[in-house]
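Colleague: I have a model open and would like to learn how to read it. Could we go through it feature by feature?

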Amino acid sequence: MTDILDAPIASALDAAPLEIDRLGPGFGATVHGVDLATADDATVAAVRQALTDHKVLFFADQRLDPDSQIALGNRLGRLTASHPVVPGLDEAHAEIYALDSADNGFADVWHTDVTFVKRPPLGSILRAVALPPQGGDTNWADLELAFASLSEPVQRLAEQLTAVHDGTREFGYYLAQRRQGEGSLWEGERFRRLDPVEHPVVRVHPETGRRSLFVNPGFVSHIVGVSDAESRHLLDLFYAHITKPEHIVRHRWRPGDVAMWDNRATVHYANRDYGDARRVMHRITLRGDEPFGVDALR
């Protein structure tokens, strides 16, 4: 189901072994001994495979700058623009989305990046640029584990559902007022409006075949074909289940930290608990594919 043009440049067949500390049985890992700025092709291939295996990876003491962060992304896959609505860091780094708390750059709602487009990003790579003295941790939840730990009747129900993802609530004002209706060029399309899109509530991972509960409160407006009350109750059930503590890993940022995550199987939330201190993060995203559900397997 994956477009061959969007397949990762690094091949798992050429992967080198990594020194990995797992944070859970199947979710989250810290990778040691890798310099992301100078890693050879075999190491980059191993990192790409580990991203699929563990869903979120953490790297300490990295020396990335805007140029080398973009170069890393291009070795792992194909980069998107910074965001469909928000411009890049500057003309030379149009792929970097700068999340600056001084400019309302917060992410304090559970979300999966940019699910309000037809082909949401495959994954994201985030590096710490400026950190508050305390606070500002980021949490990730495992959508595959969330689906697997639902009861079987609820799994069957979820597999039949479709959700509407709408970026208007988070970015409609920004597009209209700060960009005057002229958004970014995203995969060949100029974003001048935010039309809602539909994705299956249960997404099948295109590389592993594993199933995820692919909904998030940041961008999902409702479930198709049910009443408003039913939609609210179903989404409340899914969100409460996704964010159970046993589905979550939490990262306390330090200078030089880099995190990368599989956007097809996770949601995340950045704690906004640092008052007036400044927090700046630089994110890039890898081009993804159109989500498909279990019907495509039949």
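Modeller: Start with a pair of residues: V56 stands opposite W261 in β15. This is a predicted model, where local features need pLDDT of at least 70, side-chain atom pairs count only at pLDDT 80 or more, and totals for chains, interfaces and linings use all residues. Residues are numbered from 1 along each chain as its sequence is written, and side-chain values use heavy atoms, with hydrogens and water left out.

Colleague: What do strand β3 and strand β15 do, and in which sense?

Modeller: Two strands pair if DSSP finds at least two bridges between them. Strands are DSSP runs of E, at least two residues; helices are runs of H or I, at least four; both are numbered from the N terminus. Here β3 (residues 56–59) and β15 (residues 258–262) pair in the antiparallel sense over four bridges.

Colleague: In what order do the seven strands of the open sheet run?

Modeller: The order is β1-β2-β3-β15-β5-β17-β4, with mixed pairing. β1 (19–22) and β4 (97–100) are the edge strands, each pairing on one side only.

Colleague: How do β1 and β2 pair?

Modeller: They are antiparallel, over four bridges. E19 has H32 in β2 as its bridge partner. The two strands form a hairpin with six residues between them, and G28 in the turn has a positive phi of about 90°. On to β3: β2 pairs with it in the parallel sense, over three bridges. There, T30 has F58 in β3 as its bridge partner.

Colleague: Which residues of β2 are on the covered face, and which on the uncovered one?

Modeller: In a regular strand the side chains alternate between the two faces of the sheet. In β2, A29 and V31 make the covered face, T30 and H32 the uncovered one.

Colleague: Now a helix. How far does α1 reach from its first C-alpha to its last?

Modeller: The expected span is 1.5 Å times one less than the number of residues. Helix α1 (residues 41–54) has 14 residues and reaches 20 Å, close to the 20 Å expected. K55 follows α1, with a positive phi near 75°.

Colleague: Why is α1 described as largely enclosed by the rest of the structure?

Modeller: Buried means under 20% relative accessible area, exposed over 50%, partly exposed in between (1.4 Å probe, protein chains only). Ten of the 14 residues of α1 are buried, so the helix is largely enclosed. Among them are V44, V47, L51 and H54. The cover includes β1, β2 (29–32), β3, α2 (66–76) and β15.

Colleague: What is F147 in contact with, beyond its neighbours within four places in sequence?

Modeller: Contact means heavy atoms within 4.5 Å. F147 touches Q155, E159, V202, R211, S212 and L213 by that rule. F147 lies in helix α3 (residues 143–148) and is buried, at 7% relative accessible area.

Colleague: How many aromatic pairs are there?

Modeller: Rings of Phe, Tyr and Trp (its six-membered ring) pair if their centres lie within 6.5 Å; planes under 30 degrees apart count as stacked, over 60 as edge-to-face and the rest as tilted. The count comes to six. F116 and F171 form a tilted pair, 5.9 Å centre to centre with 40° between the planes. This pair links distant parts of the chain, 55 residues apart. F116 is buried at 3%, and F171 is buried at 12%. Ring pairs also link F58, W140 and W261 into a cluster.
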